Amino acid sequence: MRLRLLHFSPSTATGRHDSHRATLGFHSFAREAANEALAQSGVRIEVEQVWALPSITSKPAAQALLTGADLLVLASPTYAQGSPWFVRRFLELGAGLQLWGGLATAFATAGGLHTGGEMTVIDTLRSWQGLGLCTFTFSQKYVVLGAQQKFASDGLFDLIDVWFLRQLARTCIVQLLARSTPGSGPEWARRFQLDTGYYNQFPTQETMESQLGNIRDRMNAPLHEGASGYAWWHAMLGDPALPPDASTLPFHSLLPEPPVSMPHG
C-alpha cells in the first residue's frame with residue numbers, strides 16, 4: 001500500500017517554511033508507524049513525500065499525483081484566511097477523476113488558530129470527496145498548526161501541535177491497515193494509542209515532552225540554524241529535506257514575498 005504526502009511548500013508569505021517543516025514532521029511520524037506495522041503484521045506501507053506545487057501548470061502532471069496511491073495527504077499553508085489559490089488550482093485539475101474507495105485527509109499551517117487554517121482543511125476534504133475519495137481526520141479534529149499569535153516566538157511549533165500531527169499520521173496508517181484486514185482497526189488504534197475520546201485522557205506536558213520533544217525541536221531548528229537545520233531530516237528520512245526552490249516556477253511572481261524582518265528557514 002502507498003501513502004502519498006503532497007505538499008505545497010514553500011510558505012513564501014513568511015519565509016519560515018512552516019508548511020514544509022510540518023510536512024517533515026508528519027512524514028517522520030507516518031514512516032515510524034508504517035515501520036511498526038510492518039514489524040508486527042508484515043503489511044508494507046510505503047510513505048512517499050512529493051512536492052506538488054510545480055504540477056499546477058499541467059493537468060496530466062496533477063492527475064498523475066492524484067492517482068496510484070491508496071491514501072492521499074495534502075499539506076498546505078493558509079493564505080488570506082483560507083486555502084491558497086495554488087492548492088485550489090491543483091484540486092481543480094483533478095476534476096473528472098474517479099477515485100472511488102481511496103482514502104484522503106489534510107492538515108494545514110496558519111499564522112494563528114483563528115486565521116482560516118480550518119477552512120483550508122475543510123476545503124480540501126470537500127474537494128477530495130468530489131473526486132470520490134473517503135475522507136477522515138484524527139477523530140473530529142481538523143489538524144491546524146498555528147505558528148503565530150501565541151506566547152511562543154513566531155514560527156515555533158508547540159508540543160501540542162506535534163502531538164496532533166502525530167495522531168493524524170498514525171490515524172492514516174490505521175485506516176490503511178483496517179482496509180487491509182477488515183475488523184482490525186480498533187486493535188491497531190489501541191496499539192497506536194488512538195482514541196476518539198482523546199479529550200478525556202489528554203497527555204500531560206511531561207508525557208508529550210518525553211515522547212515528542214526531540215521532534216518538536218527538530219521541526220523548529222531551521223528557524224535559528226537556517227539550512228543546516230534540515231541536515232538531520234535528510235539523514236533520518238533519506239530524502240532531500242531542504243525547502244524546495246520555487247524561484248524557477250513560471251508563476252513565482254504571484255507568490256507573496258516574505259517580510260525582510262522574518263527569519264530565513
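Trainee: What does the protein chain average in pLDDT?
Mentor: This is a predicted model, in which local features need pLDDT of at least 70 and side-chain atom pairs count only at pLDDT 80 or more, while totals for chains, interfaces and linings use all residues. The chain averages a pLDDT (the predictor's confidence in each residue, from 0 to 100) of 91, and 95% of the residues score at least 70. Residues are numbered from 1 along each chain as its sequence is written, and side-chain values use heavy atoms, with hydrogens and water left out.

Trainee: Where is the pLDDT below 50?
Mentor: Over residues 261-265. Beyond near neighbours in sequence, that stretch has 15 contacts (heavy atoms within 4.5 Å) in the model.

Trainee: Changing topic, at what angle do H3 and H4 pack?
Mentor: Helices here are DSSP runs of H or I with at least four residues, numbered from the N terminus. H3 (residues 85-92) and H4 (residues 117-130) pack at about 10°, their axes 10 Å apart. Axes are lines fitted to C-alpha atoms over the stretch in contact, and angles run from 0 to 180 degrees between N-to-C directions. The two helices are therefore roughly parallel (an angle under 35 degrees).

Trainee: Which residues make that contact?
Mentor: H3 contributes Val87, Arg88 and Leu91, and H4 contributes Asp123, Thr124, Ser127 and Trp128.

Conventions: Parallel < 35°, antiparallel > 145°, perpendicular 65-115°, else oblique.
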